[in-house]
Each structure stands twice: as structure tokens, then as C-alpha cells.
Amino acid sequence: AVSETLQGQLEELERAAARLQELCPTQQCPTSRQVQETLWAWAGLRELLWETRTRVQQASRLWHFFKDYLAMISWTEDTRAQIFSESPSSPSLPKTPCEELERRIEEKLKEFEALA
């Protein structure tokens with residue numbers, strides 16, 4: 001919104017400077033310097049906006065990476081605790097849950113590879 005407002009004001013200044021130059025073509029209009037300075041400021045603001053947007057995108061990607069990384073660590077710790085608390089040979093862990101655990105571990109290994 002600020003960008004659009006500034007752009008509109010800049011266009012108005014350019015039109016006013018063009019009208020002044022038409023009215024007094026032999027004199028150097030002081031507003032043309034102001035318009036040029038405004039254009040430079042506008043270009044600087046665009047560059048700062050682009051740099052800021054790039055940094056925000058990088059920060060967002062890092063945040064998502066670390067969120068996924070912490071979820072992987074949490075899952076690994078939970079799975080390790082489950083493995084050490086219930087031995088596959090014990091009667092409390094039938095064959096089907098063991099196979100399910102192996103399947104989930106394989107899926108997570110693939111996710112680890114993708115995250116890496």
C-alpha cells in the first residue's frame with residue numbers, strides 16, 4: 001500500500017515537472033532535481049524491500065527446516081524409547097506391531113534423507 005501511494009505521488013510530481021518545463025522551457029526547473037532525488041529514493045526503497053523480502057524468505061525456510069528437524073529428533077527419541085521398553089521377543093509386542101514399527105522407521109529414514 002505504501003509502495004502504491006509513493007508511486008502515485010511520484011507520478012504526480014513527474015506530471016507537474018513536465019507542465020512546468022512546458023511553461024518555462026528556458027529556465028531550469030528546481031522541481032526536476034526533487035523529482036530526480038525522489039526517483040533515487042524510490043529505487044533505494046525498492047532495493048531495500050527486495051533485500052528484506054529475500055531475508056524473510058530465507059528465515060522462513062530455516063524456521064521450517066528446524067521445525068522439521070526437531071520433529072524428526074522427537075520421533076527418533078520416542079521410537080528409541082519404544083524399542084528399548086519393549087523387546088521384539090517379548091509377548092507384549094506381537095509380530096504385527098514390530099512390522100509396523102519397521103515400516104515407520106523406513107518411512108522416517110526416507111524423510112531424514114529428504115531433509116538432509
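Reply: Accessible area here is worked out by the Shrake-Rupley method with a 1.4 Å probe. On that basis, the protein chain exposes about 9600 Å², with 59% of it supplied by carbon and sulfur atoms. Bear in mind that you're looking at a predicted model; the chain's mean pLDDT is 80, and 83% of its residues get to 70 or more. The chain has 3 helices and 0 strands, and 13% of its 116 residues count as buried.

Now for the rings. Searching the whole structure turns up 2 aromatic pairs. One of them joins Phe65 and Phe66, edge-to-face, with 5.3 Å from centre to centre and 75° between the planes. The other brings together Phe65 and Tyr69: their centres are 6.0 Å apart and their planes sit at 15°, so this pair is stacked. Why stacked? Planes under 30 degrees apart count that way, and 15° falls into that range.

Phe65 and Tyr69 are 4 residues apart in helix H2, which means about one helical turn separates them. Helix H2 covers residues 30-85 and, at 87, has the highest mean pLDDT among the chain's elements.

Key: Residues are numbered from 1 along each chain as its sequence is written. This is a predicted model: local features need pLDDT of at least 70, side-chain atom pairs count only at pLDDT 80 or more; totals for chains, interfaces and linings use all residues. Side-chain values use heavy atoms; hydrogens and water are left out. pLDDT is the predictor's confidence in each residue, from 0 to 100. Helices (H or I, at least four residues) and strands (E, at least two) are DSSP runs, numbered from the N terminus. Buried means under 20% relative accessible area, exposed over 50%, partly exposed in between (1.4 Å probe, protein chains only). Rings of Phe, Tyr and Trp (its six-membered ring) pair if their centres lie within 6.5 Å; planes under 30 degrees apart count as stacked, over 60 as edge-to-face and the rest as tilted.
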